[in-house]
Amino acid sequence: MTEATENSPIVVIKNVSKSFLEGDNCRPVLSNINAHFKRGGFHAVIGRSGSGKSTLLNLIAGIDLPDSGSVQINESAINKISENERTLLRRNTMGIIFQFFNLIPSLTVQENVRLPLDLVGIDNQQERVTNILELVGLKDRRNDYPEVLSGGEQQRVAIARAVVHEPKLLLADEPTGNLDYDTASQVLEVLRDVVQQRTLILVTHSREIASHADEIWPLRYGSFDSPESES
Amino acid sequence: MKIIFLSWFREILRRPTLTILSIVGVALGIATVVAVDIANESAKRSFLAANETISGSTTHRFTGRITDELYRHLRVDLGLDVTPVVEGLIESDRSNTTQLRLYGVDLLAEISASSNYAWREVSIESAATLLSNPFTVLATRDTANSLGWSVGQEIPVSSADGDFKLTLIGLLEPANPLQAQSLRFVLLTDIATAQSVLGKQGYLSVIHALFDDSVQINSIEAFLPDGVYIESQIGQSDSQAALTRAFQINLTALGLLAFMVAMFLIYNTTSFTITRRQRHIGMIRALGALQRDIVLCALLEVLIIGAIATIIGILVGIQLSTFLLELVEQSIATLYFPIFADITVLSFVTIVKAIMLGIGATILLALPAIRKISSTAPSIAIGRSQVETQSTDSGSKLFVIGCSLAVLGTLVLLGNQHSIVLGFFGIFLVVIGYLQLIPLMTEGLKRLLRPIVKRIFGVQGVLAIRAFSSRPGQTSTTIAVLCLALSATVGVDIMVSSFRQTVDEWLISRLRGDIYITTPSQSDSGLASVDVELLENLEGIASFGLAKWAEIPDASGTTTVFAVDYGENAFNGFQFKKKADVDLWREFNAGAAIVSEPYAYRNSIQIGDTVDLFIGRKSVQFPIIGVFFDYSSDQGIVAIHRDTYIRHFNDRTISSAAIFAKPETDLQTIADTIEQRVLTPRARVWRNQELHDASMQIFDQTFAITYVLRTLAIIVAFVAVLSALATLQIERERELVVLRTIGFTVRQNWSIASFETGVMGLLAGIFSLPAGILMAWLLIWVIEQRSFGWTMKMQLDPLILIGAVTLSVVAALIAGAIVTWRKVRKVPAMALQGMD
């Protein structure tokens with residue numbers, strides 16, 4: 001793994017294609033796409049349903065692999081490293097927020113948040129967990145199980161879990177797609193609060209949410225249009 | 001790692017039913033194997049212990065027509081370390097007739113002998129009382145208690161020689177539980193009393209001997225009178241133990257069959273347990289958990305399931321074994337000799353076997369699922385369906401594997417025609433091979449069913465069979481588990497019913513007489529001559545025939561000879577498997593022999609060979625002119641004409657008589673008359689039908705254990721289906737709730753769930769039929785022939801086949817009802833809450 005420089009992009013996507021088998025048919029989702037996401041800041045990937053947004057995010061997270069091309073995180077091609085190395089890279093570098101929260105139902109709120117710390121092997125977990133839960137406004141519900149939380153609360157737990165181990169890259173897949181307008185605004189606010197020095201790549205179909213980003217990448221029919229800068 | 005483990009095991013607590021079902025299934029499988037093992041081992045130990053306790057640690061024994069004089073010569077003149085025994089069965093007439101073993105010994109000789117008999121501890125006082133007071137006996141405290149006897153009490157008993165009264169003068173104190181068990185229902189007495197009660201005055205049953213290396217066996221053999229033989233005690237025990245081996249192998253195989261069903265259950269359940277965590281695993285993998293972490297959690301889970309199930313299985317197995325042991329005793333007593341196996345022997349080997357199966361097999365069978373789920377990309381795991389989709393692709397691979405296994409199994413079966421173990425192994429391979437075809441067959445039937453169901457039941461019907469598409473791997477495995485258990489049922493049922501029908505037909509053909517008189521097999525004297533005269537003079541009798549059962553020495557031991565003269569009509573009742581191209585009846589009268597099928601099988605005898613029997617030191621050859629079907633003994637018998645027997649062996653005693661009544665005669669009147677006037681002690685008079693029914697009753701007793709083990713396999717399969725459906729229904733919970741939300745009634749949801757499980761049961765039932773018929777054919781062709789030397793005609797009873805399919809559908813419906821009862825009734829809003 002090479003050492004990334006301060007100015008180099010955190011994510012580089014080169015000629016990436018991905019397709020899925022549906023029965024006997026092969027459905028292309030991403031076709032030869034290229035992109036580089038600068039270190040720091042809020043990047044939004046916008047596109048309609050089925051445009052390949054979530055697939056792209058899975059490829060960046062290394063939880064899926066491209067059919068061709070390469071995905072580099074910190075100048076390390078994740079499709080060239082082993083499954084174990086990919087997991088370690090994800091564990092140490094990234095935090096992921098899913099549209100359907102994907103909280104572990106058998107763990108309490110604070111146990112869910114503690115999980116990444118446990119995996120990375122960080123001590124002094126309780127203080128960090130308490131701080132982050134305070135930041136997302138769920139300190140009082142730390143002993144509750146996810147099933148008794150509202151959608152917005154569950155998503156805030158998911159955000160807390162994604163950032164508690166202070167990853168450099170935060171990936172969010174439609175984090176507000178499952179929430180009403182007010183709750184979505186609150187979640188975005190929390191997201192903004194916790195991002196700060198990190199890089200956030202968020203995929204969404206909502207132009208309004210994307211408008212909060214520093215850079216927008218429109219994804220259409222499996223290919224990127226030129227990025228739009230909001231600032 | 002700590003939190004991953006925590007989340008993993010909390011998941012078990014969230015849905016404990018599946019884990020409990022897994023444990024129950026595995027435990028039941030282990031319990032069956034443990035119980036069969038204990039029953040087998042206990043029966044074997046009891047038999048060996050009984051031999052050891054009663055005959056002591058002797059090296060040789062003299063058998064045949066032994067006189068008191070021979071014993072005196074061996075002991076006094078030659079100074080050999082020998083002890084005589086007169087033994088036989090008697091009956092106690094107390095409320096329920098109990099069979100007892102009367103054992104007459106020379107107590108003075110026993111006390112001075114070097115071998116360690118159980119009654120070495122008999123006090124001098126007791127020995128003196130036995131010697132000085134005729135008709136006195138000793139028994140163990142256990143025997144006395146269970147028969148309600150007390151010391152000093154007179155006990156009425158009857159033997160082949162008449163009715164007697166014996167006095168219990170003391171109690172034997174066995175040195176250990178095994179000895180106590182071996183001496184159960186044994187009455188120890190002086191040799192003279194035993195000879196009087198058993199009608200063996202002047203004769204001994206056996207002489208036990210303890211020879212050291214200096215004793216020349218050849219020189220002893222040289223002076224033995226005709227009809228007396230010396231044999232190694234060790235060899236004798238071995239040959240008797242070998243008698244039960246075939247039976248025990250059959251039993252073990254049935255136990256393993258139940259375990260095989262349990263193995264499928266384990267495979268099914270662990271696969272379900274692991275794959276249902278697909279989403280959970282996907283989530284924690286996405287957060288950074290390594291494959292290794294998942295493998296560790298999954299292995300730990302199955303290890304815990306296996307360990308708990310093993311402990312429960314061993315405990316339940318011990319309990320179950322006492323019940324099985326009774327049935328084993330019954331079967332062994334019916335087939336071979338009476339045993340009293342009260343002590344259950346849990347050997348170290350059984351425990352190791354249980355652990356290996358419970359923990360080892362559970363982990364081994366879980367490995368494919370663990371490997372699959374841990375290596376699946378997190379995105380796929382979160383996305384649900386694709387892991388399963390991959391398993392449908394393997395249907396054709398399984399087809400190839402299945403065909404290969406079946407071919408291999410067939411080659412094993414054809415390769416060795418005599419080994420029972422290889423026979424079972426071959427059957428195992430063929431059946432496992434067949435089960436591999438089920439995914440493809442299920443897929444084929446599903447495609448066939450879909451348009452029909454759609455046309456008849458509309459969308460609801462399509463929803464019901466959707467489970468086959470959404471979880472094809474799991475559905476196929478569930479069907480395979482049920483199919484395996486059912487095919488075992490069908491196989492065993494067809495085998496037993498074919499056997500039963502064959503024996504029934506054989507009895508009808510063989511029992512040509514209208515009335516039979518039989519004497520106890522222990523009786524040396526047989527039917528009294530006055531009773532033969534009675535038959536000659538009785539009205540209503542057209543003719544009668546006489547027969548003698550005798551144990552005649554041959555080159556390798558003894559042969560059971562049936563010397564019969566029931567007339568030509570009765571001779572025609574022999575059904576021949578092979579026969580010489582001669583006038584059989586004429587040749588039989590002239591001195592030829594016919595042999596039973598097991599005899600021919602065990603001795604590899606053909607038509608034209610001879611049976612060599614010893615008369616004193618000389619052997620006589622009887623040419624074989626036919627091989628007849630016979631199911632009365634698995635060791636085989638040789639039948640010769642009674643005149644031939646008398647000519648060679650000079651023995652006119654009679655074991656039984658067959659009476660042929662005149663037409664239109666009331667058989668009951670003749671039977672009653674004979675019963676009233678017959679003088680032979682304990683002779684029994686049977687009408688044809690009674691003898692037939694009694695024989696069939698013995699047959700049913702012998703196979704009682706088979707039915708029990710088969711039922712166990714069904715119970716294990718039921719648990720398997722229950723756990724499989726429980727998992728499938730968890731998968732469908734959301735769908736059922738959504739259906740309720742959009743307007744499906746509880747009844748409609750219930751119908752969908754029941755239809756789905758019913759179709760699974762139906763498919764399993766249908767698939768089990770060819771497998772069951774194949775298994776029955778193999779059992780009949782391979783196992784019964786190899787174990788007992790019996791040929792059976794396979795009879796396909798449609799009721800068995802219909803019953804299996806019905807059982808399958810009903811079992812699946814009940815399992816489905818249990819699983820879905822609460823789920824379909826849930827209030828939709830409540831059910832939707834908390835669904836991730």
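Among contacts in chain A between residues at least 6 apart in sequence, what percentage join residues at least 24 apart? The share is 69%, where a contact means heavy atoms within 4.5 Å.

## Basis of the model

This is a predicted model, in which local features need pLDDT of at least 70 and side-chain atom pairs count only at pLDDT 80 or more, whereas totals for chains, interfaces and linings use all residues. Residues are numbered from 1 along each chain as its sequence is written, chains are lettered from A and ligands numbered from 1 in the order in which they are written, and side-chain values use heavy atoms, with hydrogens and water left out.

## Chain A as a whole

Chain A contains seven helices and eleven strands, these being DSSP runs numbered from the N terminus (helices are H or I with at least four residues, strands are E with at least two). Of the 231 residues in chain A, 56% are buried; here buried means under 20% relative accessible area, exposed means over 50%, and partly exposed lies in between, computed with a 1.4 Å probe on protein chains only.

## Two positions in chain A

His43(A) is found in strand S3 (residues 41–46) of chain A, and with a relative accessible area of 3% this residue is buried. The side chain of His43(A) makes a polar contact with the side chain of Glu215(A) at 2.8 Å. A polar contact is a pair of N or O atoms within 3.5 Å; within protein, one must be able to donate a hydrogen and the other to accept it, and residues adjacent in sequence count only if both atoms are side-chain atoms. Leaving aside neighbours within four places in sequence, the residues in contact with His43(A) include Phe37(A), Thr199(A), Ile201(A), Ala213(A) and Trp217(A).

Ser223(A), in strand S10 (residues 223–224) of chain A, counts as partly exposed because its relative accessibility is 28%. Not counting residues up to four places away in sequence, Ser223(A) touches Ser31(A), Ile33(A) and Pro218(A). The C-alpha atoms of Ser223(A) and Val16(A) are separated by 9.7 Å, although the two residues are 207 residues apart along the chain.

## Salt bridges within the chains

Side chains of opposite charge can pair when their charged atoms come close. Over all chains the structure holds 19 salt bridges, each being a side-chain nitrogen of Lys or Arg within 4 Å of a carboxyl oxygen of Asp or Glu. One of them joins Lys18(A) and Asp67(A) at 3.8 Å, N to O. Because Lys18(A) lies in strand S1 (residues 11–22) and Asp67(A) in the loop between helix H1 (53–61) and strand S4 (68–73) of chain A, the pair ties together parts that are 49 residues apart in sequence. Lys18(A) is buried at a relative accessible area of 9%, whereas Asp67(A) is partly exposed at 46% relative accessibility. Lys18(A), Asp64(A) and Asp67(A) are linked in a network of salt bridges.

In chain B, the side chains of Arg510(B) and Asp630(B) meet in a salt bridge at 3.0 Å, N to O. Arg510(B) lies in helix H20 (residues 472–510) and Asp630(B) in the loop between strand S18 (618–628) and strand S19 (637–641) of chain B, so the pair ties together parts that are 120 residues apart in sequence. Arg510(B) counts as buried at 15% relative accessibility, and Asp630(B) is buried with a relative accessible area of 0%. Arg72(B) forms a salt bridge with Asp77(B), with the closest N and O atoms 3.4 Å apart; Arg72(B) is partly exposed at a relative accessible area of 36%, and Asp77(B) is partly exposed at 42% relative accessibility.

## Where chain B meets chain A

The contact takes 28 residues from chain B and 28 residues from chain A. Between them the chains bury about 2,400 Å², of which 60% is on carbon and sulfur atoms; buried area is the accessible area (1.4 Å probe) that two parts lose on being put together, summed over both. Ile3(B), Arg10(B) and Leu287(B) supply 27% of the area that chain B buries against chain A, more than any other three residues.

Three salt bridges are counted between chain B and chain A, and eight residue pairs are in polar contact, both residues being at pLDDT 80 or more. Arg91(A) forms a salt bridge with Asp293(B), the closest N and O atoms being 3.6 Å apart. On the side of chain B that touches chain A, at least two residues each come from helix H1 (2–14), helix H11 (278–286), helix H12 (291–335) and helix H14 (378–382) of chain B, and H1(B) gives the most, with eight residues.
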